[in-house]
Amino acid sequence: MTITESAAPARMASGAQLRAGRLAGWFPWVLLGASLAALFAVFAILGTATGDGINVAGWLVSAALVYLALITVISTIVEGSRKAVDRLVTGVVTSAFLIAMVPLVSVAWTVIANGVARFDATFFSSSMRNVVGEGGGIVHAVWGTVLITLAAAIISIPIGLLTSIYLVEYGRGRLAQAITFLVDVMTGIPSIVAGLFAYALFALFFGPGIRMGIMGAVALAVLMIPVVVRSSEEMLRLVPNELREASYALGVPKWLTIVKVVLPTAIAGITTGVMLSISRVIGETAPLLITAGFTDSLNYNLFDGRMQTLPVFVYTQYANQGIPPEAYWDRAWAAALTLILIVMLLNLVARIVAKVFAPKTGR
């Protein structure tokens with residue numbers, strides 16, 4: 001008998017041992033259902049005794065803990081410690097994901113349930129000019145949000161992208177280190193500070209008390225620039241150096257290599273970073289209250305007069321309630337839902353742009 005033949009039975013025995021003792025695929029689900037049912041009965045009895053009803057959060061958390069303990073013990077007995085640890089970690093990660101989804105689903109459901117009541121043609125075709133009580137709309141706030149955010153993007157995206165290109169492709173020494181440090185500092189700047197900066201800058205030229213849409217765009221651009229720089233820098237660093245070297249070997253200058261090779265390769269990640277920066281600022285309220293102010297009329301001119309935005313509209317409707325207060329609450333919730341839908345639409349556009357302009361891998 002050769003060494004190979006003698007080792008074959010040992011390998012077969014080892015493989016059989018690894019495959020031995022497995023829980024059926026349906027068993028974890030049955031155990032989870034039994035844990036939920038048993039803990040539901042316990043909390044129902046406790047709720048009836050105290051008169052407070054069933055504590056849903058306590059029931060779900062307790063059932064999850066009982067399930068994790070039971071599946072770990074049973075899996076250890078039947079499958080061994082390695083598989084038991086795997087099931088425990090899988091359960092913990094799944095539970096953490098579900099817990100993280102709770103506030104997201106709760107906020108989305110609350111906004112939709114309260115905001116859908118005012119989703120009508122009047123709400124999106126009229127402003128709050130000369131409106132007291134019921135009625136009115138948000139057309140002036142929608143246009144203000146779109147124009148101010150667009151102006152902020154026009155200011156911040158070129159600056160942020162060019163800065164990231166310099167840091168990745170050209171930056172060396174103390175200047176690059178100083179720029180990186182300043183970008184890190186700007187990332188943590190509170191939004192109200194950006195608003196005060198924009199207000200102080202324009203007050204030097206136009207005097208105190210000035211309010212314009214372009215001031216709000218500058219304040220938002222201050223918040224967007226560090227996010228664009230950081231996200232674009234990381235995406236550019238992910239581009240393989242082999243692509244750059246291949247371009248240089250063909251005699252292509254560095255600037256053209258960046259334009260034709262590096263940027264198209266990283267366009268999907270850069271687009272995602274830009275959308276993150278827009279989502280970061282489109283819901284800001286404090287800097288826009290200081291810079292753009294608020295108005296009940298429609299204003300298309302960024303350089304003349306106050307402009308209303310959706311976050312400020314939500315704040316003013318909730319803070320300055322009139323009679324009946326329900327009308328102000330409905331307008332605030334509907335404006336919040338509109339803002340969420342705008343962010344979702346922008347993210348959809350970003351996905352489409354990234355898919356269209358991403359480099360093609362096929363031949």
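Visitor: Why does Lys260 count as exposed?

Guide: First, a word on the source. This is a predicted model, where local features need pLDDT of at least 70, side-chain atom pairs count only at pLDDT 80 or more, and totals for chains, interfaces and linings use all residues. Residues are numbered from 1 along each chain as its sequence is written, and side-chain values use heavy atoms, with hydrogens and water left out. Now the label. Exposed means over 50% relative accessible area, buried means under 20%, and partly exposed is in between (1.4 Å probe, protein chains only). Lys260 has 60% relative accessibility, so Lys260 counts as exposed.

Visitor: Where does Lys260 lie?

Guide: Lys260 is in helix 11, residues 254–281. Helices are DSSP runs of H or I with at least four residues, strands are runs of E with at least two, and both are numbered from the N terminus. Lys260 and Trp329 are 69 residues apart in sequence and 51 Å apart in space, C-alpha to C-alpha.

Visitor: Where in helix 9 does a kink lie?

Guide: At Met224, shortly before the proline Pro226, with a bend of about 30°. The bend is the angle between axes fitted to the seven residues ending at a residue and the seven starting there.

Visitor: Why is helix 9 called largely enclosed?

Guide: Because 20 of its 25 residues are buried.

Visitor: What makes Arg244 and Glu169 a salt bridge?

Guide: The cut-off is a side-chain nitrogen of Lys or Arg within 4 Å of a carboxyl oxygen of Asp or Glu. The closest N and O atoms of Arg244 and Glu169 are 2.9 Å apart. Arg244 lies in helix 10 (residues 241–249) and Glu169 in helix 6 (residues 139–170), so the pair ties together parts that are 75 residues apart in sequence. Arg244 has 7% relative accessible area, so Arg244 is buried. Glu169 has 6%, so Glu169 is buried.

Visitor: How many salt bridges does a search of the whole structure find?

Guide: Eight. Among them, Glu79 meets Arg87 at 2.9 Å, N to O. Glu284 pairs with Arg280, with the closest N and O atoms 2.6 Å apart. Glu284 is buried at 13%, whereas Arg280 is partly exposed at 32%. Shared partners also join Asp184, Arg230, Glu233 and Arg237 into one network.

Visitor: Which residues make the nonpolar surface patch?

Guide: Ile112, Val116, Phe119, Phe124, Ile340, Leu341 and Met344, covering about 590 Å². Patch residues have over 30% relative accessible area and no salt bridge; like charges are joined within 9 Å, and nonpolar side chains (Val, Leu, Ile, Met, Phe, Trp, Tyr) within 5 Å. Areas come from the Shrake-Rupley method with a 1.4 Å probe, and for residues only the protein chains shown count as cover. Helix 14 (residues 325–357) gives the most, with three residues.

Visitor: Why is Leu341 called partly exposed?

Guide: Leu341 has 39% relative accessibility, so that label applies. Leu341 is found in helix 14.

Visitor: Which residues does UniProt give for "domain: ABC transmembrane type-1"?

Guide: The unreviewed UniProt entry places that feature at residues 142–350. UniProt positions follow the numbering used here, feature names are shortened, and annotations may be inferred rather than shown by experiment. In the model, the span is 78% helix and 0% strand.
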